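Please have a look at it first.

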Amino acid sequence: MANSELKKVMEVKDLFFTYPGAPEPTLKGNNLPIYENKITALIGPSGCGKSTLLRAMNRIHDLYPGLTYKGKIDLRNQETGKMENILDLKKENELINLRQRVGMIFQKPTPFPMSIYDNVAYGLKLQGIKNKGELDGLVEEALKGAAIWKETKDRLKDSAMGMSGGQQQRLCIARSVALKPEVLLFDEPTSALDPISTGAIEELISEIKKDITVAIVTHNMQQASRLSDFTTFMYLGDIIEFDETEKIFLNPSQKMTEDYITGRFG
Amino acid sequence: MNRLLLNKIVLILSTVSAFIGIGFLFWILITLTYKGLAGVHFETFTKDLVEGGIRNLLVGQFTMALMATLVAVPLGVLAGIYLREYGHGSKFASVIRTLSDVMTSAPSIVIGVFVFAILVDPFGGYNGWAGIVALAIMMLPIIIGTTDNMLALVPKELREAGIALGGSKHKIILQIVLQAAKVGVTTGILLSFARIIGETAPLLFTSANNQFFTMDLTGQFPSLTVSIYNLATYPDEASRNLAWAASFILTAIVLFINLTGRYFTRNKH
């Protein structure tokens, strides 16, 4: 496991997370490294905390008041190379900055009620880019990066709401990729899509890992084994096992992991 | 056998009830059209009340209703945003929401009397501004309620997606969530406008009425609905005919606004 070539982009350390009003923490002392330009899959039965952990990694939880974090989530500073704890961030603009560095794709496609072009340009405009020519270039680059340029180049002014589910999801990926994040978090990105769209999204995720580190929550074992380099198995708020995907699927060290991936429970 | 019989009885009873309800509605519309149309002439729209027309009344009624809309829309939409996006789940917000719901069914005459006490009595007389405030108070809870409900229909993932792109909360609410709820909110505003354009009681002791054309909101202000109320009580034939004509025109306006609102909602789904 100790692979010296791998660089950590993020690292979760002893993370406890409690939802507002909950008597017990949902995450109970999680430890998880996220390696640069790799895809890390989070698997486990419903309610095991995998989405909760993912949503902690860009602090999207903080939209809802009353929750508590304990522990650390480190994110590497691109300039200094130092790890910095994102749980220390307090101000709104610090959190905004974090989310531009650690983006997120959701289960259901979430196109904004505006044109395809404006969807992709939205995040860029939030970053302060106003120049029309610059925006045009970045939008095109992002749509190409999400392999959806061919389908959209003649209808950039059309509403994004008229696209198919699979196209909408790729548009959402384009929208996030446009911000050039360091990490992109996928929360079951294909569970609302048909097999063909799922294939296209998986291909896209494998493609973008060249530039962006990926963490993905999935219920689909085949997806985890096809797509990811590392896999972590979670159960009831604990990380049971983390290893290279091949090892997890062929020769897991924990009995519980084996039972889950072979479908004996979950 | 018994069940089938019961089924038939219920079917017949409900059909008859529906026809009675619809019957009254058509009776009103037909009477109104028959009696109203007879009194509608070209001069009805070009002359003021003092000369037997309703030009000043239409202008006055719309002026007050539009001004009330200008006051109530920003207040109501912002309050709705507060209830759904900021105060959601808090005790304070739920108290405000309940109060606003109660206000929706507040008797309009009570609102009229209240505004009389705060804006007519202390200022020495009926005035247009008081009418505007009374109408705005009537609109507010409707706009708050629809904004609140329409924002509730916007999936929370859309807000999260905006936040995940690095937006601040207020930008996401104004630029994305409100956009997504735009059709519903606009319909709510339109329907609340239709509601107040035909109100009499809030204007009766606030703006009262004026026979002459005026745009001076500090004095008595012409009102179509108050005029109908007055004209209908006059003994002469001409006044009563004008009341019918005015009623017909008012109904046509309200119907038109309502249908427009419904058309928008239908197109959404």
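Predicted model: local features only at pLDDT ≥ 70, side-chain atom pairs only at ≥ 80, totals over all residues.

Across the interface of chain B and chain A, 4 residue pairs are in polar contact, both residues of each pair being at pLDDT 80 or more, where a polar contact is a pair of N or O atoms within 3.5 Å, one able to donate a hydrogen and the other to accept it, and residues adjacent in sequence count only if both atoms are side-chain atoms. On the side of chain B that touches chain A, the elements giving two or more residues are helix 7 (156–164) and helix 8 (169–180) of chain B, with helices taken as DSSP runs of H or I, at least four residues, and strands as runs of E, at least two, numbered from the N terminus. Helix 7 of chain B supplies the largest share of that side, 8 residues.

Residues are numbered from 1 along each chain as its sequence is written, chains are lettered from A and ligands numbered from 1 in the order in which they are written, and side-chain values use heavy atoms, leaving out hydrogens and water.

Between chain B and chain A there is 1 salt bridge, in which the side chains of B:Glu160 and A:Arg55 meet at 2.8 Å, N to O; the term requires a side-chain nitrogen of Lys or Arg within 4 Å of a carboxyl oxygen of Asp or Glu. In terms of contact (heavy atoms within 4.5 Å), 19 residues of chain B meet 23 residues of chain A.
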